[in-house]
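Subject: Structure for you to take over

Hello,

I am handing this structure over to you. Please look through it first; my notes on what was found follow below.

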Amino acid sequence: GEGMTPSQKTLFTSEKICMDWQQKRRPGAGLYNLGSTCYLNVILQCLTYTAPLANYLLSRQHSRVCCQQGFCMMCVMEAHIRKALYSSATAIRPRAIIRDLKFIGEFKPDIPGDAYEFLRCAVSAMQAACLGECSESDVPSDETTIIHQIFGGLLRSRVTCLSCNTVFDFYKIFLDILLKIKGASSLSTALEDFVAPKEMNGRKCFKCSKCKKRVAVSKMVTVHHEPRILTVCLGRADDQTSRKLSQVVEYPEYLDLRPYMSDPAGEPVLYSLYAVVVHSGHTCLGGHFFCYTKASNEQWYKMNDVSVESCGIQTVLGQQAYLLFYAR
């Protein structure tokens, strides 16, 4: 995007990323709940069925050259994905992840956690492991790791001064998108609200370089560069009451991101749904997480801790979704 520093060091070239499964096989193992670890199990399953990540880790491109001392999230995930997909057991214990929880984030196996928070921490830990591969990491090379090449996109914030109409563009990397769903009946209405211009009248928080003073502005956020894997969180915690928003938010199997991009008139930017995390329960603090994933054999499965059951796309699309994973 404009205004971005060109990367000085490319850690991983995007041509090497394979979005299609290298091997077609039956679904892998279920995961034992080792205390209150359903939040962690669903994310491990969704990452296991993220084809470009699994292809890369199963090829051992990382572990063959990794020289990290101690904890490395990429090595831990490689071992986990290999075990989950190749084990003859119907369910396995994600012991290595539990053992290293303290390195991933502020989680404890016996205390319920949030799946979205664990996803963000897990992706962040994988990113840190990739950056640890090179001795002198300069900041711009953050964007060229395999993790950023898979999950990373670019948002543009267009700020317009309401006094002189001068436009200022700012860019920010994202690895997932958190959407407000209060009043939204579908993913498309939540995305429309996300990209709608918002007037920041009340707080004159922006200093216009042309007006030379703090001014009221309107701000419009759009997707400027689309990620290969689009991860969307439907924010189910009500900001005002912290109660859970339990409404159904419809989401499609195929999504065109083009209407929500900086240039909404170009060719369609199509995504296909491959994983859904569901939270059941009346409050955000308690309840249970399970997920639906599309395996390399193109079949959908409900994964609920140790249980792995085949299901149809209509079942997948009829859930009270919390996290949605889409692939280009």
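Strand β5 (residues 177–180) and β10 run parallel and are joined by four bridges. Helices (H or I, at least four residues) and strands (E, at least two) are DSSP runs, numbered from the N terminus, and two strands pair if DSSP finds at least two bridges between them. In this pairing I177 stands opposite V232 of β10. β10 is also joined to strand β16 (residues 321–327), by five bridges and in the antiparallel sense; here V232 stands opposite L324.

Before going further, note that this is a predicted model, in which local features need pLDDT of at least 70 and side-chain atom pairs count only at pLDDT 80 or more, while totals for chains, interfaces and linings use all residues. Residues are numbered from 1 along each chain as its sequence is written, and side-chain values use heavy atoms, with hydrogens and water left out.

Strand β10 (residues 229–235) is largely enclosed by the rest of the structure, because seven of its seven residues are buried. Buried means under 20% relative accessible area, exposed over 50%, and partly exposed in between, with a 1.4 Å probe and protein chains only. In a regular strand the side chains alternate between the two faces of the sheet. In β10, I229, T231, C233 and G235 point one way, L230, V232 and L234 point the other way, and all are buried.

There is also an open sheet of four strands, in the order β4-β3-β9-β6 with antiparallel pairing. Its edge strands are β4 (167–174) and β6 (198–200), each of which pairs on one side only. On average, neighbouring strands of this sheet are turned by 30 degrees against each other, direction ignored. Axes are lines fitted to C-alpha atoms, for helices over the stretch in contact, and angles run from 0 to 180 degrees between N-to-C directions. Eight bridges link strand β3 (residues 153–161) with strand β9 (residues 217–225), in the antiparallel sense. V159 has K219 as its bridge partner in β9. Helix α8 (residues 187–195) packs on the sheet and touches β3, β6 and β9; the direction of α8 makes about 125 degrees with that of β9. Contact means heavy atoms within 4.5 Å.

In the loop between β3 and β4 is T166. Is T166 buried or exposed? T166 has a relative accessible area of 19%, so T166 counts as buried. Apart from neighbours within four places in sequence, T166 is in contact with V159, T160, C161 and K210.

On the cysteines: the whole structure was searched and zero disulfides were found. A disulfide here is a pair of cysteine sulfur atoms within 2.5 Å. C38 is in no disulfide, and the nearest cysteine sulfur, that of C291, is 10 Å away. C161 is in no disulfide either; for C161 the nearest cysteine sulfur belongs to C164, at 3.7 Å. C38 is buried, with a relative accessible area of 9%, and C161 is buried at 0%.

Next, the helices. Helix α1 (residues 38–48) holds L44. 11 of the 11 residues of α1 are buried, so α1 is largely enclosed by the rest of the structure. L44 itself is buried, at 0% relative accessibility. Not counting residues up to four places away in sequence, L44 touches L31, M77, H80, P94 and I97. L44 and L119 are 75 residues apart along the chain, and their C-alpha atoms are separated by 8.5 Å.

Helix α2 (residues 51–58) packs against helix α3 (residues 73–86) at an angle of about 100 degrees, with the axes 9 Å apart. That makes α2 roughly perpendicular to α3, given that angles under 35 degrees count as roughly parallel, over 145 as roughly antiparallel, 65 to 115 as roughly perpendicular and the rest as oblique. On the α2 side the contact involves A54, Y56, L57 and L58, which meet M74, M77, E78, I81, R82, L85 and Y86 in α3. By class, this contact has nine nonpolar, no polar and two charged residues. Ala, Val, Leu, Ile, Met, Phe, Trp, Tyr, Cys and Pro count as nonpolar, Asp, Glu, Lys and Arg as charged, and the others, Gly among them, as polar.

Regards
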